[in-house]
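Let's walk through this model together, starting with the overall fold and then stopping at a few individual places. Keep the viewer open as you read.

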Amino acid sequence: MAELNQIEEFERFPLRYAYEFLSNKGFKEKAEEIKQSKDSYKSYTSTLKRGKIIAILENNNLLEDFIDKYWPLGKTEKGRSQIKSDKRIHEEFLGSDKTEEEIEEERIEETSFAYENDLRDYLSSNLSIIEKNLKLCIDKDGKEGVEYSVDDANKKIDILAIDKNKVPVVIELKVSRGYERVIGQCLYYKNRIKQLFGTPKVRIIIIAREITSQLQIATEDLHDVELYEYKLSVKLEKIMNRGI
């Protein structure tokens, strides 16, 4: 078994220890089958093996145990992104029913965590850009409305704000396109906030680089839902001159 200081150096989900872990948990044949597998998908081989193992670990509630023991990076945002990517390759290999647009959206989001965090942090500190008098929510326990957790599954609202009429506002960010499926997620958040805050009304704001026509149609009759597209600009500030 690797020492912890060695394990922490792993950038990717460590296959060697995953095989060992599976074997010790009663999945020796499955571990050997994956190890010897020649399966590939779009030139992915090791990634596909990781995806297969992650599926077994998740289905048997063992993933967090493995991460705790062998792969601390898996607890970070970077690690979670890698897990999501490995799972996507495995799902596509199995014949996922996701559309090409949905798959492309996931690929973009997987490589855009830092950017999405920057966008979230900027907007949460400058909510007046979205709407005048909009303020970041702070609940009765003092918890701020950035990455606001709403249930035991740790589902999180990107930004939870309060408008000038004291109505909670669920703000969901998408770094690329806002597809129609996001409205289901937001409606869940909306009703959870109603339950948690004991309020009869909650608004929804969805912000994306591009709002799809499908999302526009899906929200047509939802009067408490607003859609925004963001535009970026770059400002350069010269720091110093250097001699030629």
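What share of the contacts in the protein with a separation of 6 or more is accounted for by residues 24 or more positions apart? Such residues account for 59% of those contacts, where contact means heavy atoms within 4.5 Å. Before going further, please note that this is a predicted model, in which local features need pLDDT of at least 70, side-chain atom pairs count only at pLDDT 80 or more, and totals for chains, interfaces and linings use all residues. Residues are numbered from 1 along each chain as its sequence is written, and side-chain values use heavy atoms, with hydrogens and water left out.

The secondary structure comes to 10 helices and six strands; helices (H or I, at least four residues) and strands (E, at least two) are DSSP runs, numbered from the N terminus. The protein has 244 residues, and 43% of them are buried. Here buried means under 20% relative accessible area, exposed means over 50%, and partly exposed lies in between, using a 1.4 Å probe and protein chains only.

Now look at helix 6 (residues 77–94), where you will find glutamine 82. Glutamine 82 counts as buried, at 10% relative accessibility. Setting aside neighbours within four places in sequence, glutamine 82 is in contact with Glu11, Arg12, Phe13, Trp71 and Leu73.

Glutamate 131 is another stop, placed in the loop between helix 8 (113–125) and strand 1 (135–136). Glutamate 131 is buried as well, with a relative accessible area of 18%. Its side chain makes a polar contact with the side chain of arginine 203, at 2.6 Å. A polar contact is a pair of N or O atoms within 3.5 Å; within protein, one must be able to donate a hydrogen and the other to accept it, and residues adjacent in sequence count only if both atoms are side-chain atoms. Beyond the neighbours within four places in sequence, glutamate 131 is in contact with Asp163, Arg203 and Glu226.

Of its 13 lining residues, Leu119, Leu123, Ile129, Tyr230 and Lys231 are the closest to the centre. On a 1 Å grid over the protein atoms alone, a pocket is an open set of points where a 1.4 Å probe fits, with protein on both sides within 12 Å along at least five of seven lines, and lining residues have an atom within 4 Å of a point. Helix 8 and strand 6 (225–229) each supply at least two lining residues. By class, the lining has 10 nonpolar, no polar and three charged residues; Ala, Val, Leu, Ile, Met, Phe, Trp, Tyr, Cys and Pro count as nonpolar, Asp, Glu, Lys and Arg as charged, and the others, Gly among them, as polar.

Asparagine 61, in the loop between helix 4 (46–59) and helix 5 (63–70), has a positive phi of about 55° although it is not a glycine. Asparagine 61 counts as exposed, at 70% relative accessibility. Lysine 166, in the loop between strand 3 (156–162) and strand 4 (168–178), has a positive phi near 70° and is exposed, with a relative accessible area of 66%.
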